[in-house]
Amino acid sequence: MLRAAVLVLLLANAGYYAWAHGLLRGWGLAPSEQTEPRRLEQQIQPENLRIGGPAAGHPAPVASPASPVASAAASAPAPAPAPAGNGSPAPTAAAGSSCLQAGPFDARQADALRAAAASAGLPDAAWHLDAVSATARWMVYMGRFADEDALDKKRAELRARKVAYDRPGAALEPGLSLGRFSTEEAAERALAALGTQGVRTARVVQERGDASGYLLRLPQATDPLRPPLDALRPALAGKPLRPCG
């Protein structure tokens with residue numbers, strides 16, 4: 001009986017396979033075709049099909065308007081920034097202003113600056129002289145040179161050796177500064193290091209000793225102050241006005 005049941009199942013599967021794959025189509029046994037030509041044959045009056053807009057009485061849907069709360073939020077002006085500090089507006093720098101300073105100056109130069117500022121009409125509130133103490137400073141120095149040609153030749157030599165240099169200040173012109181140091185020992189070490197780069201004629205000099213002086217400071221050097229500042233320049237003793245540090 002088991003063998004007969006297995007044989008019946010095999011014959012049934014083989015028959016279904018033959019029917020599903022159209023092997024029995026010649027005997028009128030086959031599933032209905034679902035191919036594209038078959039679907040076209042089953043259409044009913046396809047030429048009457050039209051694609052159009054929505055029917056009358058049924059308008060097309062429109063986007064829903066924004067909620068009143070959202071509209072009010074969108075149209076409301078941006079809140080003003082909160083005031084800084086204790087409720088007073090934050091201070092702003094005057095247009096075209098900058099802080100400048102020059103110095104240090106000794107007592108005699110400070111007196112000359114006061115006289116020049118009064119003569120130039122510089123307002124008292126626009127400038128002041130601050131007492132400062134200047135510590136001693138040493139320099140690795142080359143010079144003085146005989147003329148500008150000798151100075152230019154030495155500059156070219158230092159550039160070729162990749163040695164940095166700077167102007168030494170009015171009291172040591174024409175010459176070159178190869179570095180400034182707060183102690184004499186540091187300057188001597190720098191001189192020895194420069195010797196390994198082929199620098200032979202430099203020496204250590206004291207640029208200044210310990211001294212007290214004055215620093216000229218202009219907290220807001222606005223454009224209207226330019227004329228009196230130009231008149232003040234001769235009293236600066238060659239010391240440039242530079243941004244406050």
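Mentor: We shall discuss the sheet, a helix, one proline, the rings and the disulfide in turn.

Mentor: This is a predicted model, in which local features need pLDDT of at least 70 and side-chain atom pairs count only at pLDDT 80 or more, whereas totals for chains, interfaces and linings use all residues. Residues are numbered from 1 along each chain as its sequence is written, and side-chain values use heavy atoms, leaving out hydrogens and water.

Trainee: In what order do the four strands of the open sheet stand?

Mentor: Strands of a sheet pair through backbone hydrogen bonds, either parallel or antiparallel. Strands (E, at least two residues) and helices (H or I, at least four) are DSSP runs numbered from the N terminus, and two strands pair if DSSP finds at least two bridges between them. Here the order is β2-β6-β1-β7, with antiparallel pairing. Because β2 (128–134) and β7 (242–243) each have a single partner strand, they are the edges, and one side of each lacks a neighbour in the sheet. Two bridges join β1 (residues 100–105) to β7, and Gln 101 stands opposite Arg 242.

Trainee: Which strands does helix α4 lie across?

Mentor: Contact means heavy atoms within 4.5 Å. Axes are lines fitted to C-alpha atoms, for helices over the stretch in contact, with angles from 0 to 180 degrees between N-to-C directions. Helix α4 (residues 107–120) lies across β1, β2 and β6 (211–218), at about 140 degrees to β1.

Trainee: What does Pro 104 touch?

Mentor: Pro 104, found in strand β1, touches Gln 109, Val 132, Tyr 214 and Lys 239, not counting residues up to four places away in sequence. Pro 104 and Tyr 214 are 110 residues apart in sequence, yet 5.2 Å apart in space, C-alpha to C-alpha.

Trainee: Which residue lies over the face of Tyr 214, and which over that of Phe 105?

Mentor: A charge sits over a ring if NZ of Lys or CZ of Arg is within 6 Å of the ring centre and within 35 degrees of the ring normal. Arg 114 lies over Tyr 214, at 5.6 Å from the ring centre, and Lys 239 over Phe 105, at 5.0 Å.

Trainee: Which cysteines does the disulfide join?

Mentor: A disulfide is a covalent bond between the sulfur atoms of two cysteines; the criterion is a pair of sulfur atoms within 2.5 Å. Cys 99 is joined to Cys 244, S to S 1.9 Å. The torsion about the S-S bond is about -75 degrees, so this disulfide is left-handed.
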